[in-house]
Amino acid sequence: MPKKSNKIDFEKTFTELEKLVNQMEKGDLSLEESLQCFEKGMNLTKDCQQALSEAEQKVKILLEKNKKNSLEIFESDNSD
């Protein structure tokens with residue numbers, strides 16, 4: 001079974017989503033254009049959520065491999 005080659009570029013997708021939101025916030029779009037932008041935005045949001053979910057899963061796997069199931073609390077040595 002071939003490996004998925006359509007990896008999501010989170011930063012690029014998020015930037016595209018931001019541009020789309022800014023365009024919609026201007027209020028210059030027709031109803032039809034707004035609906036198209038909304039649909040595209042929903043798809044971009046789904047892609048971003050998928051990328052974040054995959055990253056979270058990778059972190060969990062790495063933590064398990066290193067037998068660190070929880071993060072250590074960092075305590076500052078600054079005396080206030």
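The model is predicted, so local features need pLDDT of at least 70 and side-chain atom pairs count only at pLDDT 80 or more, while totals for chains, interfaces and linings use all residues. Residues are numbered from 1 along each chain as its sequence is written, and side-chain values use heavy atoms, with hydrogens and water left out. The protein chain has 2 helices and 0 strands; helices (H or I, at least four residues) and strands (E, at least two) are DSSP runs, numbered from the N terminus. Of its 80 residues, 11% are buried. Buried means under 20% relative accessible area, exposed means over 50%, and partly exposed lies in between (1.4 Å probe, protein chains only).

**Overall layout**

- Helix α1 covers residues 10-26, and helix α2 covers residues 31-65.
- Contact means heavy atoms within 4.5 Å. Among contacts in the protein chain between residues at least 6 apart in sequence, 63% join residues at least 24 apart.
- The protein chain exposes about 7,700 Å², of which carbon and sulfur atoms supply 53%. Accessible areas come from the Shrake-Rupley method with a 1.4 Å probe, and for residues only the protein chains shown count as cover.

**Nonpolar core**

- The largest nonpolar core has 5 residues in all: L17, L20, L29, C37 and L44. Helices α1 and α2 each supply at least two residues of this core.
- A nonpolar core is a set of buried Ala, Val, Leu, Ile, Met, Phe, Trp, Tyr and Cys residues joined through side-chain atoms within 4.5 Å.
- C37 is in helix α2 and counts as buried because its relative accessibility is 11%.
- Apart from residues up to four places away in sequence, C37 touches L20, Q23, M24 and L29.
- C37 and V21 are 16 residues apart in sequence, and their C-alpha atoms are 8.3 Å apart in space.

**Other contacts**

- T13 lies in helix α1 and is buried, because its relative accessible area is 10%.
- With neighbours within four places in sequence set aside, T13 is in contact with I8, L44, D47 and C48.
- K7 sits in the segment before α1. At 59% relative accessibility, K7 counts as exposed.
- Not counting residues up to four places away in sequence, K7 touches E54 and K58.
- The C-alpha atoms of K7 and A51 are separated by 8.2 Å, although these residues are 44 residues apart along the chain.

**Salt bridges**

- The whole structure contains 2 salt bridges. A salt bridge is a side-chain nitrogen of Lys or Arg within 4 Å of a carboxyl oxygen of Asp or Glu.
- One joins the side chains of K40 and E16, at 3.1 Å from N to O. This pair links distant parts of the chain, with K40 in helix α2 and E16 in helix α1, 24 residues apart.
- K40 is partly exposed at 41% relative accessibility, and E16 is partly exposed at 31%.
- E56 and K60 also meet through their side chains in a salt bridge, at 3.9 Å from N to O. They are 4 residues apart in helix α2, so about one helical turn separates them.
- E56 is partly exposed, with a relative accessible area of 46%, and K60 is partly exposed at 42%.

**Aromatic pair**

- The structure holds 1 aromatic pair. The rings of F10 and F14 have centres 5.8 Å apart and planes at 15 degrees, so the pair is stacked.
- Rings of Phe, Tyr and Trp (its six-membered ring) pair if their centres lie within 6.5 Å; planes under 30 degrees apart count as stacked, over 60 as edge-to-face and the rest as tilted.
- F10 and F14 are 4 residues apart in helix α1, so about one helical turn separates them.
- F10 is partly exposed, with a relative accessible area of 25%, and F14 is partly exposed at 36%.

**Nonpolar surface patch**

- M24, F38 and M42 form a nonpolar patch on the surface, and together they have about 290 Å² of accessible area.
- Patches are made of residues with over 30% relative accessible area and no salt bridge; like charges are joined within 9 Å, and nonpolar side chains (Val, Leu, Ile, Met, Phe, Trp, Tyr) within 5 Å.
- M42 is in helix α2 and counts as partly exposed at 46% relative accessibility.
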